[in-house]
Amino acid sequence: MAELMNNYNIFKDIIDKQIKTYPYMQEQDIIKLAYQHSFGLGHIISDNDTFYTKLKKEYTLCDKNNNFPLFEDIGNNLIRLNLSVAKQNNFSVDLIYKFCLLSTDFTKDNERFKILINDIKELCKTNIYNFNIYIIDNIYKDIIINNYSPIGHSEKYRQEYTPHYCLLNSKFAPYLLFLNDIYNKLSNEYVNVTIDGRCGSGKTTFSKLLEDVFDCTVIHMDDFFLPVELRTPTRLAEAGGNVHYERFNEEVAKYLNQRNTFSYKIFDCRIMNYNKTVFVNPTKLVVIEGSYSHSPKITNYNTIKVFMDIDTNFQKQRILKRNGETCYINFKEKWTYCSSKSEIYC
């Protein structure tokens, strides 16, 4: 019951924001919002080539426009990417298409849709929204009769706002402009991106997103922990002293500016020894992620630096969920100070 009430409140907030931004919304538009919230993008892409052709045509026809936000949250880990604003910001249609393909892993939820429609009707009954319940019922019944086929916006909505957008997974939202900047740089140069930040801030998750979008080489600083024989008190007292930066410089960094092939050993903390060697033919984009990757002791290559921050309470929740109570206590007592010192390298 608590989860249902929370979903109700979240979707009501989304509706409120939509009505404030688009005051000419009709019953059909509010139902379309609930439909997209429940079904996502997967139902639209039945054939990749056909979808790409339609997306490219729509992107070509839409005007550049900055009157609306680049994206709008519609809940359930989904956003609407406004194509006219993306065009104003020189997004590539090929990059947007890639975002779309990576957003299709979505479970169609008929029951969620039904609940949202009933919630909307209840809000109309209490005069919170001024939509016609009879019209809502008829549109909803037509959708069911037509096997939940997608619906378009109302004529009024199209006349007032000329909507051009696509649905994406909300994981892209914080990084859209950065991803587009990287995409544009890659058209004529090699790019290195180094991701540092606080523990639990999402460094590995962001590197995985970059890997999914650009099919790029990713190197993890966790593979360069310091061997036992080098872990002296003096070394471990340094910020980033637990990283074998000498080996990283020798085995990886010196090869990154020219994109020469190279290999490096992986240090496995579970056995406190090296467990294998990785051979790398680097892609145009190379991502290095992990704590202390911004250390000034790591040299010899050009890079774009990204620092991932996180609220301390949220950080605690993530570490407890990911690693458990024992690891969190160890982190708090041993690594909090050293981890925060990596900020000086940004």
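Reader: How does H3 pass H5, in a left-handed or a right-handed crossing?

Author: H3 passes H5 in a right-handed crossing. A crossing is called left-handed if the near helix is turned anticlockwise from the far one by less than a right angle, and right-handed if clockwise. The helices, like the strands, are DSSP runs numbered from the N terminus (H or I with at least four residues for helices, E with at least two for strands). Before we go on: this is a predicted model, in which local features need pLDDT of at least 70 and side-chain atom pairs count only at pLDDT 80 or more, while totals for chains, interfaces and linings use all residues. Residues are numbered from 1 along each chain as its sequence is written, and side-chain values use heavy atoms, with hydrogens and water left out.

Reader: Thanks! At what angle do H3 and H5 pack, and how far apart are their axes?

Author: Helix H3 (residues 48-61) packs with H5 at an angle of about 135°, and the axes are 10 Å apart. Axes here are lines fitted to C-alpha atoms, for helices over the stretch in contact, and angles run from 0 to 180 degrees between N-to-C directions. H3 and H5 are therefore oblique to each other. Angles under 35 degrees count as roughly parallel, over 145 as roughly antiparallel, 65 to 115 as roughly perpendicular, and the rest as oblique.

Reader: Which residues in H3 and H5 meet?

Author: From H3 there are Asn-48, Phe-51, Tyr-52, Leu-55, Lys-56 and Tyr-59, and they meet Val-93, Asp-94, Ile-96, Tyr-97, Cys-100 and Leu-101 in H5. Contact means heavy atoms within 4.5 Å. By class, this contact of H3 with H5 has 9 nonpolar, 1 polar and 2 charged residues. For those classes, Ala, Val, Leu, Ile, Met, Phe, Trp, Tyr, Cys and Pro count as nonpolar, Asp, Glu, Lys and Arg as charged, and the others, Gly among them, as polar.

Reader: And how do H5 and H9 cross?

Author: The axes of helix H5 (residues 93-101) and helix H9 (residues 176-185) come within 10 Å and cross at roughly 130°. H5 and H9 are therefore oblique to each other, and their crossing is right-handed. Asp-94, Leu-95 and Phe-99 of H5 make the contact with Leu-176, Leu-179, Asn-180 and Tyr-183 of H9. The residues of this contact of H5 with H9 divide into 5 nonpolar, 1 polar and 1 charged.

Reader: New topic! How many salt bridges are there in the whole structure?

Author: A search of the whole structure finds 13 salt bridges. The term means a side-chain nitrogen of Lys or Arg within 4 Å of a carboxyl oxygen of Asp or Glu. One of them joins Arg-158 and Glu-155, with the closest N and O atoms 2.5 Å apart. Arg-158 and Glu-155 both lie in helix H8 (residues 155-161), 3 residues apart, about one turn of the helix.

Reader: Is Arg-158 buried, partly exposed or exposed?

Author: Arg-158 counts as partly exposed, at 39% relative accessibility, and Glu-155 counts as partly exposed at 45%. The cut-offs for relative accessible area are under 20% for buried, over 50% for exposed, and partly exposed in between (1.4 Å probe, protein chains only).

Reader: What about Asp-212, which residue does Asp-212 form a salt bridge with?

Author: Asp-212 forms a salt bridge with Lys-208, and their closest N and O atoms are 2.6 Å apart. Both residues lie in helix H10 (residues 203-214), 4 residues apart, about one turn of the helix. Asp-212 is partly exposed, with a relative accessible area of 27%.

Reader: Switching to loops: where is Asn-127?

Author: Asn-127 is in the loop between helix H6 (110-125) and helix H7 (133-145). Asn-127 has a positive phi of about 65° although it is not a glycine. With a relative accessible area of 67%, Asn-127 is exposed.

Reader: And what is phi of Met-272 near?

Author: Phi of Met-272 is near 55°, a positive value in a residue other than glycine. Met-272 lies in the loop between strand E6 (262-268) and strand E7 (273-280).

Reader: Last one, how many helices and strands are there in the protein?

Author: The protein has 14 helices and 9 strands. Of its 346 residues, 45% count as buried.
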